Amino acid sequence: MTIVRKLVPYVIAIIASFAAAGIFIALTGANVFQAYETILFTSFRTPNGFVQTLLKFIPLTLQALAFTIPLTAGKFNMGGEGQMIVGAIAASVVGILGADLPAVILLPLVVLAGVAAGAIWGFIPAWLLYKFNINEILTSMLLNFVSFQIIDLVATGALRDPVAGHPTTVQIGQGGFLPMLIKNPPLNAGLILALLVAAGVYLYTTRTTGGYELVATGANPRAAAVFGINVKRMFVFSIVLAGAIAGLSGVIEVAGVQHRLIVGLQHNFLVLGVIIALISRGNNLAVPFVAFFIAILEIGASAMQRTMNVPIEMVFIVEALVLLFVLLSDVFRRR
Amino acid sequence: MEKEAILELRNIRKVFDKNVALDSVSFSLYPGEIHGLLGGNGAGKTTLMNVLYGLYRRDDGDINFHGQKLNIQGPKDAITHGIGMVHQHFLQIGSYTVLENIVLGTDVSHPVTMKLSAEAQKIIDLGNRFRLPVDPNAVVDTLPVGTRQKVEILKALYRGVEVLILDEPTTNLTPQEVDDLFESLRVIVNEGLSIVFITHKLREVLHVCDRITVLREGRNITSLTRAEASEEIFVRAMVGDQMKIEGSVYFSHGSMANTAVDESAIPALEMHDVGLKTKEGISRLAGLNFQIRQGELFGVAGVAGNGQRELAECVTGVVIPTEGKILMKGEDVTGVSVCELLKDWISYIPEDRLHDGFLPKANVAQNLILGYHRQKPYCEGSFIKWDTVYDKVRGYIGEYKIKTNGPEDPGGNLSGGNIQRVMIARAFSMNSHMMVAHNPTRGLDIPSMDFVYNKMLERKETGASTLLISEDLDELLLICDRIAVLYRGQIVGILDRKDFDKYAIGRLMSGIQAEETADLRAAS
């Protein structure tokens with residue numbers, strides 16, 4: 001009963017946003033219902049479509065969690081993108097330099113390097129916050145730009161693949177590839193990692209004492225501190241953990257999908273991650289479900305662009321409207 | 001009374017969401033009377049007056065003023081009709097002078113040059129007439145609470161009100177200031193004005209009011225003149241039938257037997273020259289030296305803002321004193337974290353429940369284990385045993401009468417009084433040698449206050465001590481074994497129960513005689 005009641009605003013928001021977006025689609029001269037059909041069902045029509053959706057789902061879930069974990073403690077990590085990029089860079093560098101190592105050694109090294117790099121990228125704003133009380137929104141976001149320069153440097157430097165037309169490194173060693181769950185269409189084990197992380201985060205925040213302290217810190221840092229919780233440490237921990245998870249999403253892009261470092265691998269993941277996190281209202285359990293929904297929209301949108309010439313940006317409008325309507329439903333419920 | 005009522009409220013009804021705050025309440029006010037509006041917290045006293053003052057819109061009922069129907073849209077309407085209200089929390093601009101605060105929002109004679117000498121003279125005249133002497137050129141921030149209240153009353157009189165509503169005017173006043181206030185009120189009504197006096201303190205009402213209306217749970221129970229009624233009638237009207245008055249601490253006049261404390265045992269708490277300075281070097285606490293014995297209920301009195309909060313936070317370990325040592329049962333606990341102290345040593349009811357003690361975004365269960373979440377039986381290893389927590393929490397909800405839908409109800413749904421019950425339930429839920437309770441009964445109705453007093457007195461039997469810091473002097477006089485008075489961060493006197501004297505404590509609270517007492521202590 002309560003779950004149904006919680007879902008009602010989402011359903012209304014989705015219907016309302018599709019209706020509103022329909023007006024824009026109609027203005028471009030396309031068939032509105034055909035466009036809807038493409039957006040919603042491309043993911044389920046072919047095995048390839050479904051796998052593509054899952055491949056989107058992985059980084060979206062991880063990026064959204066990289067936002068919700070600090071949000072639970074009342075902090076905003078706007079650096080998921082940069083943390084993903086440095087994670088990808090570290091994973092590729094280790095994967096290329098250690099190309100000759102066997103998989104049992106190389107794969108864990110690749111994963112660890114990426115996760116650690118992401119964590120370090122999260123630790124910088126966290127430490128600045130801890131030590132000097134510098135706003136983490138600003139610092140984490142600015143570090144994204146630093147990561148853009150680093151990836152350019154790495155992808156056009158010594159590890160560059162001279163054959164490729166786009167700034168790209170050479171392939172990482174075979175031993176660094178994530179195992180495949182399905183060969184064709186290719187689906188890598190990153191899916192399992194992402195689901196494990198999502199489940200782990202949920203269990204951590206709801207069942208453990210540490211997770212309780214995280215929730216208490218976010219609910220009222222002053223009261224949490226008065227009752228013995230080291231809130232500054234919780235801030236640091238939450239942002240570092242978020243960085244590690246974002247780093248993992250970079251690892252999966254490199255070791256699971258591309259097998260090399262490509263400039264621009266971050267797509268729109270940061271913004272989408274924030275949107276997913278906010279549509280979920282920071283609820284870690286809801287994140288994977290919302291991420292899956294957004295992945296469907298993303299895949300459907302590119303199909304719509306290919307087959308119907310409706311610009312892919314249309315789907316951003318839908319996503320933005322869903323978020324807007326979900327947030328609006330909060331306002332109405334309070335009335 | 002044969003006189004015509006100047007003001008009549010008939011069958012006023014006010015509903016917040018689903019809560020009926022006022023259920024056809026009627027109230028009448030005669031010219032030249034002080035009318036006490038008595039009731040526990042949540043009885044609807046303030047709501048009723050806010051309806052009259054135009055802060056809330058009534059859902060039903062009539063207001064008649066001078067025999068005419070009145071439709072008040074807002075406080076401005078109320079003031080133009082001659083109804084003024086003094087709120088519990090003053091609405092004053094601290095950096096302005098008394099004069100500027102009073103004329104703010106009124107038409108002045110020289111609006112361009114802001115020459116206010118005529119207005120100043122008017123204020124001085126009003127002050128003399130009503131025995132509310134205030135220097136119009138003093139800056140409000142520099143004035144004591146008692147004087148700031150006079151400013152607030154002058155503000156209403158300056159606007160020419162006929163009816164003055166005072167909401168809990170004696171909170172934070174010393175007994176001397178209370179007497180002054182009552183004298184002024186008498187002068188004001190002798191001039192033909194009428195006063196509504198909102199309070200939960202029975203003794204004050206009996207002392208100063210001509211007629212008394214008792215509200216309980218949003219209904220008016222009775223209206224009587226003072227001469228007509230005995231204290232017992234009002235007590236019964238205030239609390240209803242659910243409460244046994246015979247066994248009550250609240251109505252006991254402080255006559256309950258105090259079990260003797262064991263003076264030979266190691267003191268539960270020893271403060272040695274404890275001082276606290278802010279980063280800027282401003283002294284908040286200085287040279288605190290006192291001991292609390294095992295099983296003792298030790299009170300700290302003082303006007304708010306004299307270091308009470310800092311004292312509570314030093315003892316609980318929330319802040320570390322910059323000077324001195326704190327010992328508990330002989331063990332040095334200076335600098336030990338709250339987290340450690342909450343294991344067996346202390347329990348804490350913070351003063352500012354919303355900021356310092358409550359998680360509005362978390363649920364009731366999460367709120368009730370805050371600080372104890374790493375202790376058994378709530379956790380096992382690094383996991384919280386929510387089943388056990390929920391079981392326990394359901395028990396607390398029943399025992400402490402927390403009005404909520406259950407352990408998973410969001411904290412933000414609770415009312416102020418229920419949040420306070422959560423604070424109390426949490427502090428009493430685990431054993432502690434030393435309880436630090438800062439204004440623990442604020443926002444509670446009388447049966448709940450009584451419940452808290454009983455719980456505190458029970459602690460004495462097990463040898464557990466309590467540090468009760470309260471702005472309510474009556475509360476301290478009622479249950480404490482000793483009372484220390486805090487003034488500007490220093491203890492200016494400690495009185496034994498046999499020496500309790502309201503006025504002596506009041507003098508200490510206002511800093512008078514601080515030196516004399518120091519001499520006395522040195523002499524003894």
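How many of the residues of strand 7 (residues 163–167) of chain B are buried? Before the answer, some conventions: this is a predicted model in which local features need pLDDT of at least 70 and side-chain atom pairs count only at pLDDT 80 or more, while totals for chains, interfaces and linings use all residues. Residues are numbered from 1 along each chain as its sequence is written, and chains are lettered from A and ligands numbered from 1 in the order in which they are written.

Strand 7 of chain B is mostly covered, with five of its five residues buried, where a residue is buried if 20 or more other C-beta atoms, placed from the backbone, lie within 10 Å of its own, exposed if 12 or fewer do, and partly exposed in between. Strands and helices here are DSSP runs numbered from the N terminus, a strand being E with at least two residues and a helix being H or I with at least four.

Strand 7 of chain B pairs in the parallel sense with strand 6 (residues 83–86) of chain B over four bridges, and five bridges join strand 7 to strand 8 (residues 194–199) of chain B, which also run parallel; two strands pair if DSSP finds at least two bridges between them. Val163(B) takes part in both pairings: Ile83(B) stands opposite Val163(B), and in strand 8 the bridge partner of Val163(B) is Ser194(B). Together with helix 6 (residues 175–190) of chain B, strands 7 and 8 make a right-handed β-α-β unit, the hand being right if, with the strands pointing away from the viewer, the path from the first strand over the helix to the second runs clockwise.

Within strand 8 of chain B lies Ile198(B), which counts as buried because 24 C-beta neighbours fall inside 10 Å. Leaving aside neighbours within four places in sequence, the contacts of Ile198(B) are Leu37(B), Lys45(B), Thr46(B), Met49(B), Leu166(B), Asp167(B) and Glu168(B), a contact meaning that the C-beta atoms, placed from the backbone, lie within 7 Å. Ile198(B) and Gln88(B) are 110 residues apart in sequence, yet their C-alpha atoms are 9.8 Å apart in space.

A second sheet of chain B is open and has four strands in the order 2-1-4-5, with antiparallel pairing; strand 2 (19–29) and strand 5 (68–69) are its edge strands, each pairing on one side only. Strand 1 (residues 7–16) of chain B is joined to strand 2 by seven bridges, and Lys14(B) has Leu22(B) as its bridge partner. Strand 2 of chain B also holds Ser24(B), which has a positive phi of about 35° although it is not a glycine, and which counts as partly exposed because it has 14 C-beta neighbours inside 10 Å.

Further along chain B, strand 16 (residues 346–349) directs Ile346(B) and Tyr348(B) one way and Ser347(B) and Ile349(B) the other, and all are buried. Strand 16 of chain B pairs in the parallel sense with strand 19 (residues 434–438) over four bridges, and Ser347(B) stands opposite Met435(B). Helix 9 (residues 308–316) of chain B has nine of its nine residues buried, so it is largely enclosed by the rest of the structure; among the buried residues are Arg309(B), Glu310(B) and Glu313(B). Gly317(B), with a positive phi near 85°, follows this helix.

In chain A, helix 2 (residues 32–45) bends by about 40° at Ile39(A), the bend being the angle between axes fitted to the seven residues ending there and the seven starting there. The buried residues of helix 2 of chain A include Ala35(A), Thr38(A) and Ile39(A). The peptide bond from Asn184(A) to Pro185(A) is cis, with omega near -5°, and Pro185(A) is found in the loop between strand 1 (180–182) and strand 2 (187–188) of chain A.

Where the chains meet, 15 residues of chain A are in contact with 23 residues of chain B. On the side of chain A that touches chain B, helix 8 (209–219) and helix 9 (221–226) of chain A each supply at least two residues, and helix 8 gives the most, with seven.

How values were computed
Contact = placed C-beta atoms within 7 Å.
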